[in-house]
Amino acid sequence: MLPEFNLLMPQTLPEALDMLAAGVPDAVPLAGGTNLLVDMRGGSRRPSVLVNVAGLDELRGIRQEDGHLVVGGGVTVAELLDDPLIARHAPVLRGAAAVFANPLVRNRATVGGNLVDALPAADMVPPLLVLNAEVELVSKDGTRRVPLEEFIVGARKTLLQPQELLVAVRWPVSPPHSAGAFRKVGLRKAACMAKVDVAVMVEGDEGGCCRQARIALGAVAPRHFRVHAAEDLLRDQPLTAEGIAEAARLAAEAACPRSGSEYKRQVVEALVRRLLTGVADDIWK
Amino acid sequence: MKYKAKLLPPVELPELRTVGKPLRRVDALGKAVGATVYAGDFTMPNMLHAKVLRSTVPSARIKRLDVSKARALPGVVCILTAEDLPDAKLVTDIPGQTGQKIRAGSEAQVLASDRVRFVGEPIALVAAETLDIAGRALESIEVEYEVLPGVFDPREALKPGAPIVNEPDNVVARWKIRKGDVEAGFTAADLIVENTFRVPFIDHAYIEPEAGVAWVDERDVINIRVCTQVVEHFRSIARAMGVPHNKIHIQGTMLGGGFGGKEDITVEIFLALLARHTRRPVRLAYTREESIQAHCKRHPFIITHRTGVKKNGRVTAAEIKMISNSGAYPYLSPYVLLYATIMAAGPYRVDNLYVDSVSVATNNPFTSAFRGFGGAQAAVAYEQQMDEIAKALNLDPLEVRRVNYLKTGDRNATGQVIKSAVWLEETATRALEALGEKVVSPGSIKVGQGFASYMQSYGRITWLHDTSRAWVSLELDGSVVIRCGVPDLGAGQVNSLCQIAAEVLGVGLEDMTIYSTDSALTPLAGTTTATRQLYMSGNAVLQAAGRVREVLLDRASKYFEEAPEDLDIADGVVFVKEAASRRGGEPSSLNRSIADSLPLAELAAMCAAEGLPLSNLALFRAPFTAKLDPEDLQGDVFPDFTFGAHAVEVAVDTETGEITLLKSVACHDVGRAINPAAVVGQIQGGGTQGLGYALTEEVVVKDGVIQTPSFAEYLIPTSRDFPTTEAIILESGTGVGPFGAKGIGEPSLTPAAPAVANAVADAIGVRIHELPLTPKRVLAAVGRARGIGD
Amino acid sequence: MQPRIVTLNINGRRYQVALDPNVTLLHALRDLGYTDVKNGCEKGDCGACAVLLNGKAVNSCLVLAWQADGAEIVTNAGLGTMDNPHPLQEAFADTGAVQCGYCTPGMIIAAKALLDRNPHPTEDEIREAISGNLCRCTGYGQIIEAVQMAAKTMDNETMNNEQLGGGR
């Protein structure tokens with residue numbers, strides 16, 4: 001049973017932004033509702049006003065522009081999974097979409113919602129981090145862009161202001177000789193929360209050298225993070241088995257410092273190593 | 001090792017027309033098009049909505065309970081607390097008994113008055129005009145607890161000075177088996193192997209949460225429409241409410257799954273009380289979270305095996321200790337413990353056997369029936385122990401079992417002679433043969449194979465004097481009606497009865513209509529539990545239909561001037577067998593002439609005109625035995641047993657701890673498959689529940705609080721988790737069920753989890769002694785194995 | 001909290017109902033008599049409440065009725081009847097895919113959504129498509145067979161229709 005609330009049904013984005021501006025701090029946006037409605041039913045969130053942004057045209061659409069891929073905040077995870085641009089240019093993101101929740105939830109859950117809720121196990125975040133994504137936030141007062149890495153500050157905490165909507169997430173199209181991969185480990189083979197999320201991206205050159213590596217972890221800590229120590233190690237180096245092993249070790253350390261979960265440490269080490277090895281094969285074999 | 005299936009003894013099972021065919025079940029289409037009405041799908045005019053206030057602490061005294069604010073809310077019609085129900089005590093003892101005395105200490109409070117003993121214990125009932133108002137009323141009820149020390153580990157609960165959850169000493173039940181001389185047996189052993197195994201709380205996780213509607217009618221009868229495995233609960237509800245038995249009417253619905261979780265009284269008593277107090281219809285439907293909190297769980301067990309063996313694997317002595325966690329209230333703990341005790345040593349000849357078992361109360365969710373009923377937990381231990389013995393002796397796991405398997409005519413742990421086929425080797429070899437050679441595994445992925453044999457009881461404890469009744473009637477147009485109280489959990493209970501009656505009366509399944517699950521209008525058939533319905537109600541239907549057939553053929557014999565044994569019925573036509581076969585070909589409706597055949601409808605009309613009975617009410621009795629001496633538990637306990645095996649191949653990722661099931665095969669001797677498609681469904685479904693038991697399921701309870709409150713945390717298998725279990729059905733025809741049937745409902749689950757545990761141990765070379773086999777536990781074990789290897 | 005009139009096109013029938021904003025599509029459907037849409041968990045974990053919403057399979061427990069204003073909704077009961085069952089419903093009934101039947105309506109909706117986009121799914125694709133529909137009775141084996149059987153039947157029907165000169 002849901003608690004009582006007022007539900008506003010804007011027809012356009014400007015209408016929605018007006019409603020948010022007028023309604024904060026009690027008003028929150030509702031898109032797919034796959035987290036929000038569950039939380040409201042469970043009593044952990046009780047907004048008195050919901051602004052329905054599901055279906056707003058301005059939040060839909062996946063396109064390529066100015067060397068960037070742009071995904072509307074209201075795009076569902078299912079749409080992401082089906083999209084040819086994503087399949088071609090961002091398999092790392094598609095990989096996460098494929099194991100996100102379950103097919104029914106995917107038809108409602110939005111990319112924007114996943115980012116804005118910023119649950120520690122949010123599967124959309126690690127791939128977007130290694131894609132170097134930034135989020136576009138819009139309010140009645142204007143637009144701003146924030147790198148995703150800065151946007152998420154902690155578990156369920158982002159830089160989103162109450163009257164803002166996440167209208168899009170964008171990232172530069174990957175250059176040639178680059179590849180990415182994503183892996184999720186949970187307690188069953190489908191439809192579950194991640195225990196460990198790993199995403200990697202390598203941009204290389206023809207000669208076998210790694211120009212840039214990006215490694216992002218999710219679910220192992222309250223906040224998603226890039227493992228900069230490992231990335232620094234791999235930058236402008238040939239990508240060797242030793243380098244990969246060391247990077248994996250650094251990632252595992254970053255994920256679970258001494259007192260942390262030995263299990264997660266081992267899993268992170270294994271997955272980072274495997275994903276980097278696989279990505280290297282993809283680029284250079 | 002290449003396994004070859006053992007030859008089956010020759011079995012001549014007659015080819016039947018309806019029984020043995022994978023026909024579309026009578027309830028299937030209604031469910032498929034969404035027409036079937038479940039307990040939560042009823043509404044009535046003027047209906048109220050109920051909610052239950054439950055304890056949020058595991059051990060406390062209720063200092064203050066103030067419902068005044070809630071009562072004052074507009075739209076709140078009734079609030080009940082223990083104060084309003086001074087005499088309401090609920091029988092939680094084994095249900096469906098006839099005149100048996102109720103076990104002392106087995107009554108539970110309907111609503112907590114002074115003490116609460118587990119999180120979720122019901123404290124107050126609310127009935128309101130809408131669900132919203134009921135919810136707000138719940139929030140307005142004020143409860144003040146005086147928190148008392150709780151105890152959560154059964155071993156702690158046994159220690160002197162432990163908080164007392166169940167008077168006087170937290171011991172809810174004890175059983176022991178004393179057979180032969182274990183001292184001598186251990187002395188004769190070449191090796192002694194000892195292991196302890198643990199299994200957790202499990203939830204039934206039926207997709208249909210508990211629900212129902214109740215109303216009081218013009219006869220002052222309280223009618224309750226509810227999903228239940230036991231319509232005989234009307235007696236206990238009547239008792240709790242202080243009304244005569246014939247004033248409670250349970251209309252059971254088709255269940256959306258039971259598995260033992262709807263065997264106890266759930267919503268019925270709350271519905272009855274609120275309906276009576278308000279004199280309006282009342283609906284109560286649990287949320288998923290409430291269902292997980294409110295209904296029983298599978299008993300956690302700690303089982304220690306100490307086994308003496310000869311070099312060839314022959315068991316010389318076994319000493320087994322079992323502790324089960326009864327949770328806050330006894331419910332069926334003593335019986336689950338009894339089953340576990342009797343099946344503790346597994347399907348093996350153990351001449352020197354001591355078993356000591358105890359069920360202990362704690363401030364945890366209460367535990368009761370769950371598919372397998374102690375037999376499943378016992379199997380997790382005894383089959384892993386067998387593999388450990390094989391490893392210690394460097395013998396093949398099948399070989400170790402071969403030298404110990406029970407055979408027909410042997411005595412089991414309680415000295416009961418097993419009379420039906422004991423196809424242990426036959427089922428195990430077939431499962432292993434179908435499993436095939438182990439695949440080669442690259443690098444950090446380790447592949448293992450494992451199997452488990454089992455025995456599971458078929459039918460209820462015989463000292464309960466089990467009975468079932470069914471009524472079969474031929475209508476004047478040749479269609480058939482069955483009335484039987486049997487609850488249908490979804491496993492095809494009512495359909496089996498239809499196929500049996502159709503077979504006997506020579507009509508098609510499409511000519512059958514069954515009315516079931518009504519405590520007043522259908523003959524009482526007992527519980528749908530203990531893998532007993534096909535045995536009990538199936539035999540009752542067989543008898544009833546058989547007597548109708550006798551009347552028909554007797555009358556027909558006069559009509560045809562042939563002996564009744566020369567007549568048969570098929571496709572709704574009675575005919576002379578010899579005449580049909582003289583014309584060549586099979587006796588069938590196509591092979592008839594007017595002279596030697598007669599439509600059933602015409603025969604029925606003839607009989608009706610002469611006042612001959614076209615219906616029969618049959619009562620079927622299981623064997624009635626005396627209760628065993630608890631000092632040694634030697635004697636007959638069950639009508640029959642089912643035997644089989646499950647084999648799996650797993651791939652263990654030794655770097656992430658993930659386990660992937662590559663292949664799953666199960667082979668069971670079901671005696672006779674009434675509907676083979678339904679049997680396959682049970683083998684695959686029960687098997688999958690067992691696979692979940694091994695790998696993904698655990699109700700995590702911390703200091704009495706469930707940490708896995710919904711399906712997001714309590715993980716049952718999805719379609720992506722396991723390959724389909726290949727089901728190999730064997731039919732020995734030797735069961736005590738109709739047409740020689742044995743059971744499959746519980747047996748299908750029992751061997752699956754130990755098979756997985758054995759496969760994982762085979763893969764990584766080290767055993768994990770508790771379920772579930774989580775990635776964390778796997779990695780820790782792999783680490784241990786590396787340590788050993790160094 | 002004020003109710004508003006919402007238009008729901010359910011199984012080809014048009015309803016205009018006054019509903020509060022906090023009513024989910026699940027409850028709106030069930031209150032209108034569509035009790036084939038089941039409540040198993042109310043948080044998107046079990047799929048028992050699945051319906052087609054403008055052609056997409058969704059958990060109706062996670063959609064507010066107002067969000068479905070004007071939408072086309074199909075429940076399992078809208079796919080076929082006892083007299084005229086849908087090939088999926090027939091196949092489910094025939095293979096043993098229906099045991100307790102409680103997951104069945106949502107499962108068939110998920111299967112329908114799959115076959116609408118992919119008339120010839122592999123076993124893996126079927127498993128994936130129904131991975132949000134929990135079944136506790138069958139172990140999924142006979143359900144997968146049913147979807148495969150229905151796919152063939154619907155293929156044959158399409159072929160027959162085309163041969164007869166009709167479209168679909």
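The C-alpha centres of domain 1 and domain 2 of chain C lie 21 Å apart in this predicted model. Domain 1 of chain C covers 4-78 and domain 2 covers 87-163, with bounds from an automatic or database domain assignment. Local features need pLDDT of at least 70, side-chain atom pairs count only at pLDDT 80 or more, and totals for chains, interfaces and linings use all residues. Residues are numbered from 1 along each chain as its sequence is written, chains are lettered from A, and side-chain values use heavy atoms, without hydrogens and water.

**Interface between the domains of chain C**
- Contact (heavy atoms within 4.5 Å) joins 14 residues of domain 1 to twelve residues of domain 2.
- The buried area, meaning the accessible area (1.4 Å probe) lost by two parts on being put together, summed over both, is about 1100 Å², and carbon and sulfur atoms give 61% of it.
- On the side of domain 1, Lys38(C), Leu52(C) and Asn76(C) lose the most area to domain 2, together 43% of what that side buries.

**Arg672(B)**
- Arg672(B) is buried, with a relative accessible area of 9%, where buried means under 20% (1.4 Å probe, protein chains only).
- A polar atom of the Arg672(B) side chain lies 3.1 Å from the backbone oxygen of Pro14(B).
- Residues touched by Arg672(B), not counting those up to four places away in sequence, include Leu13(B), Glu731(B) and Phe739(B).

Technical notes:
Buried means under 20% relative accessible area, exposed over 50%, partly exposed in between (1.4 Å probe, protein chains only). A polar contact is a pair of N or O atoms within 3.5 Å; within protein, one must be able to donate a hydrogen and the other to accept it, and residues adjacent in sequence count only if both atoms are side-chain atoms.
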